[in-house]
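Colleague: Before I use this model for any calculation, I would like to go through it with you, one point at a time.

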Amino acid sequence: MSHQVIIVGAGIAGIAAAHTLATRGSVSDFLILEVFEAGANWVHGTIHPETLKENPISALVRAANIRGHNSNSDDSETLVKDTATGKDVTLPAKVRGEELEAAAEQLHDKLCQQPLSALDRTLEYFEWDFQYAEMPEITSAYHNVLEEFTEVDFGEMEFFVNDPSNCVEVYQAAQVVVTVSIGVLQRSSELLKFSPALPTWKTEQFTQFQMALYCKIFVAFPRAFWEQAEYLLLVTEERGQYPVWQPVPGRPILIATVTGEKARRVEQLDDSEVVAEFLPLLRAVYSDVPQPTAVH
């Protein structure tokens with residue numbers, strides 16, 4: 001397939017580039033290319049609850065028959081388990097979470113005090129790190145809440161992508177506009193190859209930035225041993241030690257999320273080392289946890 005322009009990346013920059021070409025330029029023959037990682041993406045805000053206006057990104061996902069499920073993080077069922085005692089602490093976690101949220105709203109920046117307990121640290125992680133991939137000391141709550149315009153425009157319902165589809169095709173164009181993230185550019189030797197290579201003065205600039213990092217760990221089991229919930233939170237003494245788990249509906253698969261420096265460390269481990277770290281945590285709160293059949 002040959003086109004006049006190919007736009008690599010369907011994020012805000014890629015869509016803005018396409019819109020500019022279509023409305024202000026003379027280019028009508030363009031193609032946007034995007035890669036979806038299995039389960040690692042949300043469409044934030046699918047439809048406005050009052051106007052019923054659909055998020056255009058949600059419409060694209062539906063048109064492409066990308067599989068996933070609806071999720072509302074505000075109304076979703078979240079279970080909290082304490083790995084130190086093996087007990088379900090969902091009720092006290094809900095009360096404590098409301099207290100911490102009130103403190104954050106008062107300051108518009110970060111919690112009024114450093115979390116004292118393991119439960120506090122887990123709730124803080126779920127509220128901040130899981131949302132922004134950075135600790136609250138680095139990420140301003142007030143700043144980020146103001147930026148979440150899609151939730152205001154299109155409601156709080158989210159669509160979580162878990163489509164494992166993959167394809168390899170060759171596309172040609174007279175010109176290419178690259179709008180991928182700085183994280184992809186920093187790993188261009190692995191993920192994106194330029195020919196001819198980009199000049200050194202340009203690639204050196206990529207190293208001046210740091211990309212917030214999420215690491216998703218897909219764990220398949222022979223059977224499901226957990227309760228059905230949107231999220232499973234594990235309270236651990238060490239902050240960020242595999243605290244957030246998401247069951248895949250209808251399949252014996254859990255998705256763990258680690259962020260920031262923890263994610264960078266986990267990415268250097270092999271699968272067996274990762275399993276050796278998280279399996280004792282799951283077995284501390286569930287009595288019948290089998291050995292995983294696959295980890296990705």
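The questions and answers below concern a predicted model.

Colleague: What is the mean pLDDT of the protein chain, and which helix has the lowest mean value among its elements?

Modeller: Over the protein chain the mean pLDDT is 81, with 80% of the residues reaching 70 or more. Among the elements, helix H11 (residues 271-285) has the highest mean pLDDT, 96. The lowest mean, 46, belongs to helix H5 (residues 141-147).

Colleague: How many contacts beyond near neighbours in sequence does the stretch of residues 141-151 have in the model?

Modeller: The pLDDT over residues 141-151 is below 50, and where pLDDT is low, the predicted coordinates should not be read in detail. With that caution, the number of contacts that this stretch has in the model, beyond near neighbours in sequence, is 14.

Colleague: How many helices and strands does the protein chain have, and what percentage of its residues count as buried?

Modeller: The protein chain has 11 helices and 12 strands. Of its contacts with a separation of 6 or more, 71% are accounted for by residues 24 or more positions apart. The accessible surface comes to about 17300 Å², with 55% of that area belonging to carbon and sulfur atoms, and of the 296 residues the share that counts as buried is 40%.

Colleague: How far apart are the end C-alpha atoms of helix H1?

Modeller: Helix H1 covers residues 12-23, and at 1.5 Å a residue these 12 residues should span 16 Å. The model agrees with this expectation, because the end C-alpha atoms of H1 are separated by 16 Å.

Colleague: Which strands do the buried residues of H1 pack against?

Modeller: The buried residues of H1 are Gly14, Ala17, Ala18 and Leu21. They cover an arc of only 95° around the axis, and therefore lie on the same side of H1, whereas the exposed residues Ile12 and His19 are carried on the face turned away from that buried side. The packing partners of the buried residues are strand E1 (2-8), strand E2 (30-33) and strand E7 (172-178).

Colleague: Is aspartate 129, which forms a salt bridge with arginine 239, buried or exposed?

Modeller: The closest N and O atoms of aspartate 129 and arginine 239 are 2.7 Å apart. This pair links distant parts of the chain, since aspartate 129 sits in helix H4 (residues 118-132) and arginine 239 in the loop between strand E9 (231-235) and strand E10 (244-247), 110 residues apart. Arginine 239 has a relative accessible area of 18% and is buried; for aspartate 129 the relative accessible area is 3%, so this residue too is buried.

Colleague: Which parts of the structure hold glutamate 238 and lysine 262?

Modeller: Glutamate 238 forms a salt bridge with lysine 262, and their closest N and O atoms are 2.1 Å apart. The pair ties together parts that are 24 residues apart in sequence, because glutamate 238 lies in the loop between E9 and E10, and lysine 262 in helix H10 (residues 260-266).

Colleague: Which residues are linked with Lys81 in a network of salt bridges?

Modeller: A search of the whole structure finds 10 salt bridges, and one of them joins the side chains of lysine 81 and aspartate 88 at 3.6 Å, N to O. Lysine 81 counts as buried at 7% relative accessibility, while aspartate 88, at 42%, is partly exposed. The residues linked with Lys81 in the network are Asp88 and Glu227.

Definitions and conventions
Residues numbered from 1 in each chain as written. Heavy atoms only, no water. Helix = DSSP H or I, 4+ residues; strand = E, 2+ residues; numbered from the N terminus. Expected span 1.5 Å × (residues − 1). Buried < 20%, exposed > 50% of the residue type's maximum accessible area, 1.4 Å probe, protein only. Arc of directions from axis to C-beta. Contact = heavy atoms within 4.5 Å. Salt bridge = Lys/Arg side-chain N within 4 Å of Asp/Glu carboxyl O. Areas by Shrake-Rupley, 256 points an atom, 1.4 Å probe, with all protein chains shown as cover. pLDDT = per-residue confidence, 0-100.
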